[in-house]
Structure formats: C-alpha cells, structure tokens
Amino acid sequence: MTKTMKDRVADARERLIEEPDTAVVRFCASSRPAGGAASAVRLPDHRLDVAAPPGLGEGGGPTAAELLLAALASCQEVAYRAWAAALNLPLDDVQVEVEGEMDFRGFFAVCPNARPGFRRISARVRMVSDAPPAALERLRRAVEEHCPLLDMLSRPVPVTVDLATESVDQAA
C-alpha cells in the first residue's frame, strides 16, 4: 500500500517524538575536477556533473548556483505538500519556480562592491487548492517557518573550511 503524504508526515513526527536521537541527520558531498572547469560531485547515492559558472567554461550539467536554486525549489515544493497534509488542507498541485541574480564581477574580483554570491533570490509558488485564503496563508507561514533550505539561505549558517595541503611528491 502506498502511503499518502499525510501518513508519511504523521509517521515521521511520531518517530521523532519516540526516538529524538534520530532527528539529527548528516548530509555530505564532495567535488573533484572533471576536466576543464567542470566538477564531478559525489553524494552518498548519486553522482553529478556540475558545469563551471559563466565565463570559466562550457556546460555539461547544471552550475552550482543552479543546483542551489533547484534545491530551494524542491524543498519548498515538498514542504508545501507536507504542511498541507499536516494541516488537512486540500492541495491538488503545487509548483515552485526560483530565480536568482548574481553579479560575476564579485567572483572575478572586478568590482569590490559586488558580492560573489546571489544578490537576490525570488520564488513563485503556484498552488491548486480549494482551501480558503486564510488557510492557504496559514500554509504559507508554516512553510516559511519550517522549510530547511529557506532557513539556510535566509539566516546565517556557521560554515568552517579547513585546508589540508600536500606537496606534489606526497600526492603521487
């Protein structure tokens, strides 16, 4: 029997209440050169070819910036379905479109005032639902409060980067 989104949300909530030590999940990814300016990205169960940003090379896959936008779009879409189910709201369809704008003068250090990352990201959510407007607003607020990727992008996340170096002789 295929579980509904409502069943999946209820099961996950129950499991987290009964087994709170399972709540923290570690995600990981690694990247290596894949020829030219492209990258080969490894995730535990997937491999991706990631293209260089504009100005450094040709495509061959999405850019890292596009993957970030795709991650936000899919996280928002799933969050809308999950929270609609949790709130007992009808949701026949949901689509999320995300776009971001970057000024590559920041990456290439051409302009000191241009940041190297996105200077803005915007999303458009389109829903098909018979729920009343007040209920859909409650849904929007729940998603904005609980969408992991929206949280990560809108509030600072501590990031550390360690650098390990080897000489050419050691790497061989």
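**A friendly note on the pocket and a helix pair**

1. Let's start with the largest pocket: 40 residues line it, and Ala64, Leu67, Leu68, Ala71 and Leu149 lie nearest its centre. A pocket here is an open set of points on a 1 Å grid over the protein atoms alone, where a 1.4 Å probe fits, with protein on both sides within 12 Å along at least five of seven lines; lining residues have an atom within 4 Å of a point.

2. The model is predicted, so local features need pLDDT of at least 70 and side-chain atom pairs count only at pLDDT 80 or more, while totals for chains, interfaces and linings use all residues. Residues are numbered from 1 along each chain as its sequence is written, and side-chain values use heavy atoms, leaving out hydrogens and water.

3. How confident is the predictor? The average pLDDT (confidence in each residue, from 0 to 100) is 93 for the chain, and 97% of the residues score at least 70.

4. Back to the lining: helix H2 (64-86) and strand E4 (93-102) are among the elements supplying at least two residues each. H2 gives the most, with 9 residues. Helices are DSSP runs of H or I with at least four residues, strands are E runs of at least two, and both are numbered from the N terminus.

5. H2 also meets helix H1 (residues 5-18): their axes, lines fitted to C-alpha atoms over the stretch in contact, come within 8 Å and cross at roughly 85°. H1 and H2 are therefore roughly perpendicular, a label for angles of 65 to 115 degrees, on a scale from 0 to 180 degrees between N-to-C directions. Contact (heavy atoms within 4.5 Å) involves Met5, Lys6, Val9 and Arg13 of H1 with Arg81, Ala82, Trp83, Ala85 and Ala86 of H2.

Conventions:
pLDDT = per-residue confidence, 0-100. Parallel < 35°, antiparallel > 145°, perpendicular 65-115°, else oblique.
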